[in-house]
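Here is a guided walk through one protein model, written for someone meeting it for the first time. Keep the structure open beside you as you read.

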Amino acid sequence: MHVNRLSRARKRATLAVAVSALLGGALSVAAPASAAPKAPSAPAAAADCSDAYKIEQTLDGGTTWRMCWHYNTLSGLILDKISYQPKGEAKPIPVLTSARLAQVHVPYDDGQAEYDDVTGTDFGQALQNLAPGECPGGTIKTVKVPNRGEVKGLCTTTRARGHAYRLNDDASTGGSGKVFSGQGKDLLVYTVNKASWYEYITEWRFSSDGTITSNVGATGSLSPYDYDGGDDRGWPIGKGDQAKAESHAHNVFWRLNFGLDGSPKAKVEQYDSKVTPPTGPGSPTTKTTRTKVTKELAGDRKDMRWWRVVSGAGKNTDGHPRSYEIVPGASNKHAGRPFTKHDVYFTQYKKCEQYASNNIGCPAGSPDSVDKWANGESLTHPITWVHIGFHHIARDEDQQPMPVHWQGFSLAARDVTAMSPLTPQDLANQNGQPPMGG
Ligand SMILES: [Cu+2]
């Protein structure tokens with residue numbers, strides 16, 4: 001283990017030099033340490049950045065997504081002023097003021113190495129140039145990376161997602177005999193950043209039905225410095241018992257600043273459903289309860305539990321407040337650090353709180369991780385932090401290059417529009433009252 005420790009220590013030291021050289025660039029985009037937190041002005045209805053920093057895409061059903069982007073030296077791609085305009089909406093509906101990666105925490109199982117890949121490696125600096133074939137059907141935008149120069153590093157394209165919906169509207173459902181079906185398309189926005197041996201694909205997906213999805217895909221290489229898991233904390237990937245790749249976790253965090261209907265004043269709600277089996281003949285019953293989250297929360301996933309962020313400023317034409325539901329993907333929660341112990345955090349907005357761990361930019365002496373920020377303050381402008389973990393026990397197939405392993409979450413539109421934004425014209429009169437089948 002001694003040699004192992006040395007080699008990893010050396011690797012970390014090399015990176016530390018690189019990062020300290022970059023901090024000037026990083027701080028130039030972060031808040032001045034002395035700046036008092038203040039609420040941002042309400043986001044514009046549509047992206048109002050210059051053309052080079054604008055992304056706009058119309059998809060199936062006439063849905064248009066608009067946003068701006070900028071680039072941060074540490075965390076890379078940041079999307080701003082994200083708005084959604086389904087067909088029939090007179091103007092864009094603001095959804096998110098900003099959305100970004102907030103940390104990738106990588107602890108190795110033997111306790112000998114632990115990285116914060118976003119703030120602790122040259123993740124943001126090591127934006128990768130993309131070949132045209134890596135952005136099929138799309139456009140690769142040029143990113144000005146501070147202290148490095150121009151990188152052809154941001155792909156925007158579209159990708160088919162299969163059926164968006166299908167309805168055989170036959171006599172059994174009282175219908176016209178028509179078959180309605182639609183093929184869905186997503187706007188895809190992504191970058192690839194290198195963090196030592198790994199490469200992370202940060203992907204954002206905006207669907208015609210109003211869903212937003214972000215996934216981080218890890219590829220590149222396993223670290224050859226860590227082929228020494230001879231302590232039953234690794235998996236042999238070389239011949240026989242050789243090259244035991246040390247197991248480790250990738251704990252990925254995102255930071256979401258909602259601006260639903262142009263206002264930061266959203267409300268957070270948690271829903272829990274409890275199923276009761278029948279005591280005799282009969283069927284199970286289920287009771288769903290809503291808990292208003294009025295104070296900062298460190299939340300934990302549970303069967304039949306979910307959260308939503310509810311607009312404080314706008315309703316759909318059914319009179320229902322617009323909201324977005326947080327839909328976490330598969331996750332392995334890691335108990336190793338206080339900030340990895342929870343799946344979702346809602347904290348009151350503070351401009352300097354940008355990274356889920358090892359935060360940079362708050363005044364000296366301030367707590368530097370998201371778990372400590374969730375300390376009971378009232379939520380008037382909630383910031384949503386999503387944490388998705390993946391415990392990576394390597395396999396022979398992880399070489400070489402390592403097939404992409406994905407982890408992420410979705411934000412599902414809930415009552416943003418009065419019906420599906422993709423409802424065909426023939427069915428548009430069926431809001432809450434479809435014909436009764438025979
Ligand atoms: Cu891994």
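Tyr198 is buried because 21 other C-beta atoms lie within 10 Å. A residue is called buried if 20 or more other C-beta atoms lie within 10 Å of its own, exposed if 12 or fewer, and partly exposed in between, with C-beta atoms placed from the backbone. You will find Tyr198 in strand 9. Leaving out residues up to four places away in sequence, Tyr198 touches Ala218 and Gly220; a contact here requires C-beta atoms, placed from the backbone, within 7 Å of each other.

This is a predicted model, in which local features need pLDDT of at least 70 and side-chain atom pairs count only at pLDDT 80 or more, while totals for chains, interfaces and linings use all residues. Residues are numbered from 1 along each chain as its sequence is written.

## The annotated pair

Which residues does the UniProt annotation "active site" cover? The unreviewed entry lists Asp117 and Tyr198 under that label. They are spread over 82 residues of sequence, yet they cluster in space, with a largest C-alpha distance of 9.5 Å. UniProt positions follow the numbering used here, feature names are shortened, and annotations may be inferred rather than shown by experiment.

Asp117 belongs to helix 2 (residues 117–120). Asp117 counts as buried because it has 24 C-beta neighbours inside 10 Å. Apart from neighbours within four places in sequence, Asp117 is in contact with Val104, Val106, Phe123 and Ala195.

## The overall build

The protein has three helices and 21 strands. Both kinds of element are DSSP runs, numbered from the N terminus: helices are H or I with at least four residues, and strands are E with at least two. Of the 438 residues, 40% count as buried. Among contacts between residues at least 6 apart in sequence, 65% join residues at least 24 apart.

Now look for an open sheet of 10 strands, with antiparallel pairing and the order 6-7-8-9-10-21-18-17-14-15. Strand 6 (139–145) and strand 15 (285–293) stand at its edges; each has a single partner strand, so one side of each is left without a neighbour in the sheet. From one strand to the next, the twist averages 25°, with axes being lines fitted to C-alpha atoms (for helices over the stretch in contact) and angles running from 0 to 180 degrees between N-to-C directions. Two strands count as paired if DSSP finds at least two bridges between them.

How is such pairing held together? Strands of a sheet pair through backbone hydrogen bonds, either parallel or antiparallel.

Strand 21 pairs in turn with strand 18, antiparallel over six bridges. Ser323 links two of these strands: its bridge partner in strand 21 is Arg414, and Ser323 in strand 18 is also the bridge partner of Val310. Strand 17 (residues 305–315) and strand 18 (residues 321–328) pair in the antiparallel sense over five bridges. Their hairpin has five residues between the strands, and Gly319 takes a positive phi near 85°. Strand 14 (residues 267–276) pairs with strand 15, antiparallel over nine bridges, with Tyr271 opposite Arg290.

## The nonpolar core

A nonpolar core is a set of buried Ala, Val, Leu, Ile, Met, Phe, Trp, Tyr and Cys residues joined through C-beta atoms within 7 Å. The largest one has 76 residues, and those with the most contacts inside it are Leu79, Tyr345, Trp385 and Val386. Strand 4 (residues 93–107) gives the largest share of this core, eight residues. Beyond its neighbours within four places in sequence, Trp385 is in contact with several residues, including Ala102, Phe253, Trp254 and Tyr345.

## A loop residue

Is Ser176 buried or partly exposed? Ser176 counts as partly exposed because it has 13 C-beta neighbours inside 10 Å. Ser176 lies in the loop between strand 7 (149–169) and strand 8 (178–195).

Technical notes
Two residues are in contact if their C-beta atoms, placed from the backbone, lie within 7 Å.
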